Amino acid sequence: MSAARIITDMGAAVAFVDGKVKLSGLDRLPAKVAERVLNVARERREELRRELDPTGLGWLPGPPDDADPVFNGWWAAFDLSDVCRLYGVRVVRAGERILAVYPPSLEPELIAYAGSLLVEARPYLTAHMDKLPILTQPEAVKIILEIMRQHRGLKFTRGDGGSMWPIYPRTWTAGQRATVQSLWFAAGDAVDRDDFMEA
């Protein structure tokens, strides 16, 4: 179970505010329960930060010296975090792959800009892979299935090699396609199973 879910199930609230994990509602809980909430928050702080950060890049430190070899990668990651914050993009890792998950309504120009920043930031982000939120295969499949329920025109078909490939509705924007493509990569071989669409 996720750390945030454990905390909320105990009756407290948890949020990611200004780069920090914040707890609230402890004063309404019995002392022993409040102590357990604090222990979970302390022991699983990094997990909570990754889980609650809507951008995936809330962990970025201050800028390195401009002579530092990582400066350009850090700067691209910093710019990308602004795009994430302003437009609802989220940077995640799926296995060894770093992906940007776009909101379906995002304009093609912004997708291209975010994509170019991700390419430039990738070496820096790869060196800090452990700080990126993890998008698991089951989570990616769940989101794909939710999108398929909302958009009946989105289908998957089996290719020559046995892998499933998305077929997008003709009316879809670049943002909608990019979102499903990122999720498809994250889902990996989980979409190749015969029961994928029944999950």
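The structure is a predicted model in which local features need pLDDT of at least 70 and side-chain atom pairs count only at pLDDT 80 or more, while totals for chains, interfaces and linings use all residues. Residues are numbered from 1 along each chain as its sequence is written, and side-chain values use heavy atoms, with hydrogens and water left out.

The mean pLDDT (the predictor's confidence in each residue, from 0 to 100) of the protein chain is 86, and 97% of the residues reach 70 or more. The chain contains seven helices and six strands, assigned as DSSP runs numbered from the N terminus (helices: H or I, at least four residues; strands: E, at least two). Their order from the N terminus is α-β-β-α-α-α-β-β-α-α-β-β-α. Among these elements, the highest mean pLDDT, 94, belongs to helix α4 (residues 71–87), and the lowest, 78, to helix α3 (residues 45–52). The C-alpha trace spans about 60 × 50 × 25 Å along its principal axes. Of the 199 residues, 40% count as buried, that is, under 20% relative accessible area with a 1.4 Å probe and protein chains only. Of the contacts (heavy atoms within 4.5 Å) with a separation of 6 or more, 62% are accounted for by residues 24 or more positions apart.

Strands β3 (residues 90–94) and β4 run antiparallel and are joined by five bridges; pairing requires that DSSP finds at least two bridges between two strands. A94 has R97 of β4 as its bridge partner. Strand β4 (residues 97–101) is mostly covered, four of its five residues being buried.

Helix α6 (residues 137–150) packs with α7 at an angle of about 145 degrees, the axes lying 8 Å apart. Axes are lines fitted to C-alpha atoms, for helices over the stretch in contact, and angles run from 0 to 180 degrees between N-to-C directions. The contact is formed by Q137, A140, V141, I143, I144 and I147 of α6 together with T179, V180, L183, W184, A186 and A187 of α7.

T179 lies in helix α7 (residues 174–187) and is buried, with a relative accessible area of 4%. Apart from neighbours within four places in sequence, T179 is in contact with V101, Y102, P103, P104 and I147.

Methods. Buried means under 20% relative accessible area, exposed over 50%, partly exposed in between (1.4 Å probe, protein chains only).
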